[in-house]
Amino acid sequence: MAEEKLNNEEIKKEEDNNNIVLSKKDIVKSFWRWRFFVQSNYNYERLQSTGVIFSLSPVLKKLYGPKTDEMSEALKRHIQFFNTEAAFGGTILGMTIAMEEEKANGAPINTDTINGLKTGMMGPLAGIGDTLWQGTLIPILLSFTLPFASQGNIVLGPILFAVLHMGLMLVLSYNVWMFGYRRGREGVQELLSGSALPKVMSFAQTLGAIVIGGLAAQFVDVVSPATLNLSSDVTLSIQEDVLDELVVGILPLGITLLTYYLLKKQFKPTTVLVILIILGAVLAGFGLIGTAD
Amino acid sequence: MAEEKLNNEEIKKEEDNNNIVLSKKDIVKSFWRWRFFVQSNYNYERLQSTGVIFSLSPVLKKLYGPKTDEMSEALKRHIQFFNTEAAFGGTILGMTIAMEEEKANGAPINTDTINGLKTGMMGPLAGIGDTLWQGTLIPILLSFTLPFASQGNIVLGPILFAVLHMGLMLVLSYNVWMFGYRRGREGVQELLSGSALPKVMSFAQTLGAIVIGGLAAQFVDVVSPATLNLSSDVTLSIQEDVLDELVVGILPLGITLLTYYLLKKQFKPTTVLVILIILGAVLAGFGLIGTAD
Amino acid sequence: MAEEKLNNEEIKKEEDNNNIVLSKKDIVKSFWRWRFFVQSNYNYERLQSTGVIFSLSPVLKKLYGPKTDEMSEALKRHIQFFNTEAAFGGTILGMTIAMEEEKANGAPINTDTINGLKTGMMGPLAGIGDTLWQGTLIPILLSFTLPFASQGNIVLGPILFAVLHMGLMLVLSYNVWMFGYRRGREGVQELLSGSALPKVMSFAQTLGAIVIGGLAAQFVDVVSPATLNLSSDVTLSIQEDVLDELVVGILPLGITLLTYYLLKKQFKPTTVLVILIILGAVLAGFGLIGTAD
Amino acid sequence: MEIAINPIQAFLIGIVYYLGIDGTPWITHLGNHTWLRPMFNGFIVGIILGDPVQGTIIGAAINLPYLAFISAGGSVPMDPALAGTVGTALALGANVSPSVATTMAIPIGLLGTIIWIVHMTVDTTFVHMADKAAEEGDIRKVNILHVAPPQIFLFIISVIPVAFAVYFGVDAVQWLVDALSGRPLDILSAIGGILPALGIAMNLRAMNGSGKLIFFLLGFLLTAYSGLPILALSIFGAIIAWIWTTLDLKGEY
Amino acid sequence: MEIAINPIQAFLIGIVYYLGIDGTPWITHLGNHTWLRPMFNGFIVGIILGDPVQGTIIGAAINLPYLAFISAGGSVPMDPALAGTVGTALALGANVSPSVATTMAIPIGLLGTIIWIVHMTVDTTFVHMADKAAEEGDIRKVNILHVAPPQIFLFIISVIPVAFAVYFGVDAVQWLVDALSGRPLDILSAIGGILPALGIAMNLRAMNGSGKLIFFLLGFLLTAYSGLPILALSIFGAIIAWIWTTLDLKGEY
Amino acid sequence: MEIAINPIQAFLIGIVYYLGIDGTPWITHLGNHTWLRPMFNGFIVGIILGDPVQGTIIGAAINLPYLAFISAGGSVPMDPALAGTVGTALALGANVSPSVATTMAIPIGLLGTIIWIVHMTVDTTFVHMADKAAEEGDIRKVNILHVAPPQIFLFIISVIPVAFAVYFGVDAVQWLVDALSGRPLDILSAIGGILPALGIAMNLRAMNGSGKLIFFLLGFLLTAYSGLPILALSIFGAIIAWIWTTLDLKGEY
Ligand SMILES: OC[C@H]1O[C@H](O)[C@@H](O)[C@@H](O)[C@@H]1O
Ligand SMILES: OC[C@H]1O[C@H](O)[C@@H](O)[C@@H](O)[C@@H]1O
Ligand SMILES: OC[C@H]1O[C@H](O)[C@@H](O)[C@@H](O)[C@@H]1O
């Protein structure tokens, strides 16, 4: 009953707004703008934020017209912090387009809903996407083509790598984008009432957190080369004899959690960057840390 | 109150039916028929189904009489797909006998309840039973007796193995069978109202699934012996350099899931068998798969 | 409403009792009595029970006066079985003081509540405390100072170890004790209504059980040195060829569970002790068990 | 000393094989599982050929690669019973050393899977006949169909090839083995390697319970990555199952 | 055969580097990730210098230590694009062996992180300008700010040093590398080793969900203790996430 | 240089041992745990015998096998305090090398468990006396019972044997050790190996919480199979406990 009423109301509102419908061309155009320009202005403060606007540009122009209040709202909405893995995370942009479309046509979607979805999904999809793309697909492709390249085989080396990498990833990211848009359209009702979404979100968030943890363990690379020369023949290795006995990976874990803590304390990323560089320089300068090589 | 009423009703019905009670001899006879004949007509379509009927035969005859409608119903009930590990899974048959007895005496048990129990428990007990019996007990007994046998010691070799294996397992399977019958009798009320059973079922199903997964990892044996000879000195092993880097055991896992998928799609087991044989022959023929030896 | 009433009642009662307030000095005195005398009368039946009374002595005297009925109740309350890791577990004593204080001043706290808290927390804190203190901190301190000691360096060897060990642990155990007292005071209300406590308890109990399991695996040390000499060249090692193939650590696990079972069956600890000694002597006498060295 | 195998002995050895097939009713199902171990049927073949000690020794040697043999869900990846009976008979007959017997036994064991597959396929016809009898409530007929036709058929396809093989002896079998060796044998063992998937998948399909596939995957990956023995896995599995069940059914019953 | 690099070639190689930086729009973001692999940009540098085959061979050698290169959350722990372009150019120019080229490429790659850090820091100013345009609803201006200033700036700071380096050649770079080797290089690589923490922590901060830090810790420790490859971790992670989600949201929706 | 140990020194060394027993009140409970390490009590024995440096060196050697010594739930699987005091005294007295001292110290340490067991058994009588005092509300009496009788008793059974052993010296102890070596020592160490089970089981019995035994088993098996150090186990354990608690108490409070 209540839902039916909602539907009726919406339909009325949609009629009032003369129902601006996006064409497939708009969605596709937006996709290509994303794939080319996602990180043109990549920066430590907001990362891909202006990339989002650049990509949504054809959509927003059509929905809100230039220099209107609604456009201003939309721009302020999307200029916030955003960062994800561009291929898999594209699905969020697809959904966002669908939500903007519904919103412009009067559905009761507010900025919080859109931002909730964007920020809720960007992290998990960054973790999962980085793992599947940079962490899995590229190493596989390289391990197939690199041997040819080292024999001087141009075709089965660099060219095959380029074709496979870009071919596979473009097909994937295009489909993922369109999927996001379609699910977004079908799902707005569902999203608003909330049935499957919380499960998908919770699953993605949990998996994302685990995977990000795994990435930290693999790619933050700090060990202590320090030793205590206790006598002519007794040497204590801080890394092996102390730290590894406590918790394997305690240094990278500590550094990552410290960084996280600083960001949580509202330090700007550029400040944190400087802190990390100084910390690294000082500790390495005294020979207390290094890489595992 | 409601329960009390139920009890009264039952008692009345039981009186109406003149209360056919199975003797211990019936249960034991049934047990031996199972232990001897469980797989006399083992087949890809229904596996132990006629074995179940052969085993329950004394019970069913007593409860329903020959060529009655009730007998026909009972036969059609039990000729369905059934497969379990015969020793541990015997407990299901014990319970089934108890349920048939109650049903024949008027308890409100229908075909669905009986089949639910049978199909709910047969898989878990197959996984758990195979693990404990074929996967654990037999290897232990063999590792004790085989060394004697290889010295030509007949008594401490084959004979001791036979005695221990059959002795232990018969004691076990007899007790498990009787336990099933007793629990079934006591528990019919409980089963119908549902308090402990769902927990036991859920536990068994979860454990069964994990254990079946472990069996698959150990006993489905496919690796790829293929290599890419990239140059005179660079060789890429598909198994070690690619597949193992992705997911260890990806081939056996893939084959098992494919088989499962085909069965789910209602392919007949014999069809799936043919598919697997052809698949194996073709892939092995081209040197793409082999066993790990 | 109901809560408000409770508060009012309490305040009234407190007025009636003229509100005996413990001074910080009482709490600190109690702490030092604990740290010195916790295990003066350590025994297999009740372990630290009289140590608890000795420690709480200044508090109980102040709250209940000598040889009163209330004192007798308090003594009987605390002479029950108690055992924990003295440093981390001190937090339980801190809380206990707070609860005794409230109780003496009329709060509706009964013996069960106090004992529930004490026995609920002592086990987990024993497991966690032993792990962090004896299992982690001491080995680390030793691995730093032992090399110096073996060079004959008295200062960086034994003395540094003593200073660091006692310094760190006294600071820790003092703070943990005071924390317990403060949380106890603030939390009595909360404890009684129950919101955070169940979570903390459940977390501590679960972690404690896991950690105790890990301690058992590391510190119960039984293997079987027995072998079967099957022929001149075939030898079967019971430990490696049989037990380890079944479950790694099956002997220490079995011994621990047996001990637990005996205690559960209300055997006195001294009886269990004798059983273990006899069992160990007999089995080792026949060469069936030994240590892993 | 070479033992000449006479037709009666050959026939008896054929029966030894028949009795070691999982499902023949005469010695119980557990009896089959004792009897199918080469250590045991080698001993029996030894009795038939007059040298049980030597039969046991050869059987034990042939048994080694089948130590961890398992049959799940009706899948038989290789056939230790065939390997044991034929291998022992030939080794005693040709006075071949245990290790040579073992070498020959492996390909023979693979051939056994063919017999198994044929019988499990043909048996489906008898269950269809039993369906009709069930409709009529004729339990006697179901019982007869359960035993007579499948066992007669199994007797024929198991006794005859074995009797022939051991009667015509090592040369005939060697010829067969040679003909198979190389690619054909690789193919046969690859098929033997994947067939357990059928049994496992049938068991899996027969299971219910939420998250079935998830837990299957978990069991698979835990085993694949840790190399845990199956008993240890099942203890860990029981812990996981307990936690899952407790939490999943919380407040439901 | 030594190849003398002329100014135009040096400039072109500078552009090759610029195009291999994660974010330059001309060849798509995926294009950057192809182009930044030394195997690929070595090939392009080879074309520019007239020997694509040799360029590919050298690039492939330089690529090896970057096989598992990942950039997460905008962190670039080392710069394979700089290593590949400059390394290949110098190796072709000085006719240096691939293995020497690799040795030189590692410190060069570390220097690339400096360029990356500078550009990601400076870009923050353009996003502040964009904030104003957003306020006015001026999407055209936001779009221009998104592309023009950052890319012009990036072009300058990436093309110039590379062009100079490859033009003045191996001696100049060798001098730089020598000056760095030892402690300075250790410090640079230590910094490169901890910088991914920034990216990962930014991603982590952007995530929600109950137990986020717990599961992060779990993923970290599982990987640290088991050495699981990242794909296997993510399958185990998916199983855990499924179990958690199922139980945590039970009866809520 | 051999040091002759006089009766007073022997008595003092007996006291050193007494103070290193877990529970003597004079130097705090933490003090006991410092003092019971051979590195430390060797140093004190060295002071008494006039050579603290040598005492420390010998003590450090004896300490090595006790690096991971733990006492849980009142179980003492071996006695480092006895090993350290007697071992150091004998080594200094007989001018024995540290490694010989260590070899002798191990069986001595096992004998210490006997003293411990006797005192923890006898102390049960004092707690029964305290029960009566508690009934009467007589806290003073409970306090006295808590300290005086158990400590007097402990003083006697610890000081006397040690004083005798170090006074009569290496030959007497060697005789004892010889008499024990072989089977008796194996039996003593086997008993020492299983006694921690008592302490652990007492702690376990004192715990509550649903699934206690399941989680105990989990902790045991994780450690047994992975060889995880105890701190790492407790972090994994905390993650598991958090997940369990969150889900188990869901919606209850
Ligand atoms: O898997 C359960 C069960 O399936 C079939 O019945 C046979 O393979 C048995 O050996 C096995 O125990
Ligand atoms: O981590 C998500 C994402 O962050 C940034 O955008 C870059 O580092 C990408 O390479 C990465 O995929
Ligand atoms: O296990 C808790 C606790 O038990 C006893 O009190 C002693 O063994 C202590 O060393 C230990 O900390």
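## Helical spans, domains and a surface patch

In this predicted model, residues 270–289 of chain A form a span that is 80% helix and 0% strand, with end C-alpha atoms lying 22 Å apart. An unreviewed UniProt entry places the feature "transmembrane region" at this span and also at residues 155–179, 200–220 and 246–263 of chain A. Two of these spans are set out below.

The secondary structure of chain A as a whole comes to 11 helices and two strands, and, read from the N terminus, its elements follow the order α-α-α-α-α-α-α-α-β-β-α-α-α. The domain assignment divides chain A into domain 1 (18–212) and domain 2 (221–285), and the centres of these two domains, taken over C-alpha atoms, are separated by 35 Å.

Of the 293 residues in chain A, 57% count as buried, while the accessible surface of the chain comes to about 11,800 Å², with 60% of that area belonging to carbon and sulfur atoms. Among contacts in chain A between residues at least 6 apart in sequence, 70% join residues that are at least 24 apart.

In chain B, a nonpolar patch on the surface is formed by B:V155, B:L156, B:I159, B:L160, B:V163, B:L164 and B:L168, which together have about 530 Å² of accessible area. One of these residues, B:I159, has its place in helix α7 (residues 155–193) of chain B, and B:I159 counts as partly exposed because its relative accessibility is 34%, a value between the 20% and 50% cut-offs.

How values were computed: Residues numbered from 1 in each chain as written. Chains lettered and ligands numbered in written order. Predicted model: local features only at pLDDT ≥ 70, side-chain atom pairs only at ≥ 80, totals over all residues. Heavy atoms only, no water. Patch = residues over 30% accessible without salt bridge, like charges linked within 9 Å, V, L, I, M, F, W, Y side chains within 5 Å. Areas by Shrake-Rupley, 256 points an atom, 1.4 Å probe, with all protein chains shown as cover. Salt bridge = Lys/Arg side-chain N within 4 Å of Asp/Glu carboxyl O. Helix = DSSP H or I, 4+ residues; strand = E, 2+ residues; numbered from the N terminus. Buried < 20%, exposed > 50% of the residue type's maximum accessible area, 1.4 Å probe, protein only. UniProt positions renumbered as here; feature names shortened; annotations may be inferred. Domains from an automatic or database assignment. Contact = heavy atoms within 4.5 Å.
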